[in-house]
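Subject: Structure for your review

Dear colleague,

My notes on it follow directly after.

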Amino acid sequence: MKTQLVESIDTVELVPQILHPKKILVPVDFSDTSQQAFQYALRFAEQFGCKIVLLHVVEPESVIAGAPTTIDIFAQPEEDTTAAEAELKALAASSRKRPSSVTSMVRTGHAPNEITKAAKDLNVDLIVIATHGYTSWRHLCISSTAERVVRAAPCPVLVVREKEHEFV
């Protein structure tokens, strides 16, 4: 019993040494769940004094089968990007952190690919991403961005579920 207690205390004391992120990437789709993921990241930032990068990916519209191939698949990329940048700045400003510790960026492309590319480009230590927790046929039809990021990420990924217990 005494040995288990000592091992447990040693493990708890090692956690800050093992997990010491300097930069966290938080993909944001402006859903309540992604804002909850941002709150998780803020707690990590408070604990470890690290920076947060908010990322929104503007995805191209799907090409409709049978439609002419000359259709521009980006409906309004400049307007979407400008709106996303403004929303990200507002989200960053809403945090209690120093403004310089929360930055934001917008990319255009396929979300899972752009998230993993951003993680590599920015050399982040942790990705905190939200998932809606769909299962069975909805999962198969929708395909989870979070799952694809977990599979391809160059760093650890914390997945925040919509209907899970909150520890922040």
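A residue is called buried when its relative accessible area is under 20%, exposed when that value is over 50%, and partly exposed in between. Please bear in mind that this is a predicted model.

Under that rule, Glu 147 is partly exposed, because its relative accessible area is 30%. Its salt-bridge partner is Arg 151, with the closest N and O atoms 2.7 Å apart. Arg 151 has a relative accessibility of 68% and therefore counts as exposed. Both residues belong to helix α6 (residues 145–152), where a separation of 4 residues amounts to about one turn of the helix.

The salt bridges come to 5 in count. A network of them links Arg 107, Glu 114, Lys 117 and Asp 121.

Turning to helix α2, its 17 residues (32–48) should span 24 Å at 1.5 Å a residue, and the C-alpha atoms at its ends are 25 Å apart, which agrees. Its buried residues include Thr 33, Gln 36, Tyr 40, Phe 44 and Phe 48. Just after the helix, Gly 49 adopts a positive phi of about 65 degrees.

Ser 34 is a further residue of α2. It counts as buried because its relative accessibility is 1%. Its side chain reaches the backbone oxygen of Ser 31 at 3.0 Å. When neighbours within four places in sequence are left aside, Ser 34 is in contact with Pro 27, Val 28, Asp 29 and Ala 130.

As to the interior, nonpolar side chains tend to be buried together in soluble globular proteins. The largest nonpolar core here holds 25 residues, of which Ile 24, Val 26, Phe 38, Ile 52, Leu 54, Val 102 and Val 128 touch the most other members. Two or more residues of this core come from each of β1 (23–27), α2, β2, α3, β3 and β4 (126–131). Helix α2 gives the largest share, 8 residues. Another core, of 15 residues, lies apart from it, and Val 57, Ala 118, Val 124 and Cys 155 are among its members.

Which residues does Val 128 contact, leaving aside its neighbours within four places in sequence? They are Ile 24, Leu 25, Val 26, Pro 27, Ala 37, Tyr 40, Ala 41, Leu 158 and Val 160.

Finally, Pro 60 is found in the loop between β2 (51–58) and α3 (77–93). With a relative accessible area of 29%, Pro 60 is partly exposed. Pro 60 and Thr 108 are 48 residues apart in sequence, while their C-alpha atoms are 7.4 Å apart in space.

With kind regards

Note on methods:
Residues are numbered from 1 along each chain as its sequence is written. This is a predicted model: local features need pLDDT of at least 70, side-chain atom pairs count only at pLDDT 80 or more; totals for chains, interfaces and linings use all residues. Side-chain values use heavy atoms; hydrogens and water are left out. The expected span of a helix is 1.5 Å times one less than its number of residues. Buried means under 20% relative accessible area, exposed over 50%, partly exposed in between (1.4 Å probe, protein chains only). A salt bridge is a side-chain nitrogen of Lys or Arg within 4 Å of a carboxyl oxygen of Asp or Glu. A polar contact is a pair of N or O atoms within 3.5 Å; within protein, one must be able to donate a hydrogen and the other to accept it, and residues adjacent in sequence count only if both atoms are side-chain atoms. Contact means heavy atoms within 4.5 Å. A nonpolar core is a set of buried Ala, Val, Leu, Ile, Met, Phe, Trp, Tyr and Cys residues joined through side-chain atoms within 4.5 Å.
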